Amino acid sequence: MARIAIYPGSFDPPTNGHVYIAKRGVEVFDKLVVAIARNVSKTALFSETERLEMLREVLGKDARIEVDAFEGLLVEYARRKGATVILRGLRAVADFEYEFQMANMNRKLAPGVETFFLMTGEEHFYVSAQLVREVASLGGNVTGLVPPMVEERLRKRLGT
Ligand code: ADP
């Protein structure tokens, strides 16, 4: 049976940290679904369509990776996709508490779905999509933190 993992997130925008986790994750599982979680309470810089386009351009060449979006409970989405694994990336200690809560809640909701964590690479551990948005909006250089095509889109969107 193929092991399918879901890598959920906002990906607003996709960063090199996200790409790192997706590329390592797909080597561990048979298929990886990179899934944008629709979040009505978060105002996004990029629309869902734009985020799908960016993720597809950066990761879509690998036939083992599917890029998608979902709303509602992650574990329900995982069930629909036939996935038994939730993949998450860990950066600093600050990620831990939230991830620990989420993993335990998801385990309670769906005991058959396991959360796997991959440790970030040292060159990505301070990279968050939020920080990238902030720095880029202030005209700072985000080269090397996001794929070149995302950098270009940030420049266009923010007029920097
Ligand atoms: P962010 O936290 O950067 O706004 P997301 O909400 O899209 O991004 O995060 C989705 C998943 O990707 C989470 O598991 C998060 O910990 C992980 N992630 C985000 N940035 C990195 C990074 N630089 N290195 C490793 N994992 C990361």
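A polar contact here is a pair of N or O atoms within 3.5 Å. This is a predicted model, with local features needing pLDDT of at least 70 and side-chain atom pairs counting only at pLDDT 80 or more, while totals for linings use all residues. Numbering runs from 1 along each chain as its sequence is written, and side-chain values use heavy atoms, with hydrogens and water left out.

Select Thr120 and look for its polar side-chain atom, 2.7 Å from a nitrogen atom of the ligand. Next, pick His124: a backbone N or O atom there sits 2.8 Å from a ligand nitrogen. Then click His18, where a polar side-chain atom is 3.1 Å from a ligand oxygen. Taken alone, the ligand exposes 520 Å², and the protein buries 91% of that (Shrake-Rupley areas, 1.4 Å probe).

**Stop two: the shell.** Now show the 18 residues surrounding the ligand (a heavy atom within 4 Å). Tyr7, Gly89, Thr120, His124 and Ala129 are the closest. Colour the shell by type and you get six nonpolar, eight polar and four charged residues, with Gly counted as polar and Tyr as nonpolar.

Which pocket does the ligand's space belong to? That space is the largest pocket, holding about 1200 Å³.

Terms used:
A polar contact is a pair of N or O atoms within 3.5 Å; within protein, one must be able to donate a hydrogen and the other to accept it, and residues adjacent in sequence count only if both atoms are side-chain atoms. On a 1 Å grid over the protein atoms alone, a cavity is a set of points where a 1.4 Å probe fits but cannot get out, and a pocket is an open set with protein on both sides within 12 Å along at least five of seven lines; lining residues have an atom within 4 Å of a point. A molecule sits in a cavity or pocket if more than half of its atoms lie within 2 Å of its grid points. Grid points are joined across faces, edges and corners, and a volume is the space filled by probe spheres set on the points.
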